[in-house]
Amino acid sequence: MNQPALPQPLLTCAGQALPYRLVRSPRRRTIGLKIDEQGLTVFAPPNLPGAQLETLIQTRAAWIRTKWTECCQKSALRVVPREGALLPYLGRTVRLSLDSGPTHLEGEVLYLNPGRGDITVALQRWYQAQALPFFLPRVAHYAGQLGVPLPAVALSNARRRWGSCHARGMIRLNWRLLKASLAEMDYVIAHEVAHLRHMNHGPTFRETLQCLYPNHAEAHRTLRERGFLYHAF
Ligand SMILES: [Zn+2]
């Protein structure tokens with residue numbers, strides 16, 4: 001059974017209270033801490049004394065504060081799709097302009113006609129429609145470089161993964177990669193194409209990826225840092 005124990009708030013971050021929640025579960029043997037946009041959640045065994053919890057939280061206070069600050073910053077950076085919003089697109093930003101004409105990109109302005117529907121849904125549809133035609137020639141490029149036939153390619157809507165390669169040779173690419181830079185996009189594509197030869201992440205896979213996309217480490221790093229921005233919608 002879940003029961004709140006310690007009083008709120010527990011910590012403050014830039015003048016804001018850090019929301020706190022305690023979840024006791026009979027299946028738990030150890031204490032776990034999770035920080036997300038909802039605040040701090042502590043998972044604990046049912047009979048763990050409150051004093052022990054407080055001690056643990058105090059010893060982890062610096063970590064909690066840092067994580068919470070990161071969460072606050074991330075949610076502040078996240079784009080809300082509305083008139084004038086700056087949207088990530090192929091490593092640059094385009095401005096969203098709601099319009100009653102046909103949806104199209106003109107220079108650095110995306111004129112979007114959401115009709116009577118939701119702006120986010122209309123925006124996602126536009127990105128998805130652009131994604132596959134943009135990805136295919138790049139998959140073909142890396143498949144050609146590796147000397148394998150062009151695989152079947154489909155879009156994915158995964159919350160975390162950027163791409164996957166199935167044993168039967170189908171590659172799935174997250175449509176949100178269209179928001180990433182070309183370097184980040186090509187890194188994911190080269191990675192999945194390399195899996196057409198090696199269905200693991202072993203040394204031969206890494207050698208293949210190194211040949212296909214020598215700058216993979218840098219692109220992997222920036223994608224890990226900026227990926228949350230591309231997941232805003
Ligand atoms: Zn992989």
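This is a predicted model: local features need pLDDT of at least 70, side-chain atom pairs count only at pLDDT 80 or more; totals for chains, interfaces and linings use all residues.
Residues are numbered from 1 along each chain as its sequence is written, and side-chain values use heavy atoms, with hydrogens and water left out.

**Zinc site**

- H191, H195 and H201 coordinate the zinc ion, each through NE2, at 2.0 to 2.1 Å.
- Donors are N, O and S atoms within 2.8 Å of the metal (3.2 Å for Na, K and Ca); water is not among the atoms, so sites may look incomplete.
- Along the chain, the zinc donors follow the spacing H-x3-H-x5-H.
- H191 lies in helix α4 (residues 182-194) and H201 in the loop between α4 and α5 (203-212), so the pair ties together parts that are ten residues apart in sequence.

- H191 is buried, with a relative accessible area of 14%.
- Buried means under 20% relative accessible area, exposed over 50%, and partly exposed in between (1.4 Å probe, protein chains only).
- Leaving aside neighbours within four places in sequence, H191 is in contact with H201, F205 and L209; contact means heavy atoms within 4.5 Å.

**Fold and overall shape**

- The chain has six helices and twelve strands. Both are DSSP runs, numbered from the N terminus: helices are H or I with at least four residues, strands E with at least two.
- The radius of gyration is 22 Å, well over the 17 Å that the globule rule gives for 233 residues, so the chain is more spread out than a compact globule.
- That radius is taken over C-alpha atoms, and the rule is 2.2 Å times the number of residues to the power 0.38.
- The C-alpha trace spans about 60 × 50 × 30 Å along its principal axes.

**Packing and surface**

- Of the 233 residues in the chain, 41% are buried.
- Among contacts with a separation of 6 or more, 44% join residues 24 or more positions apart.
- Accessible surface comes to about 13100 Å², with 53% belonging to carbon and sulfur atoms.
- Areas come from the Shrake-Rupley method with a 1.4 Å probe; for residues, only the protein chains shown count as cover.
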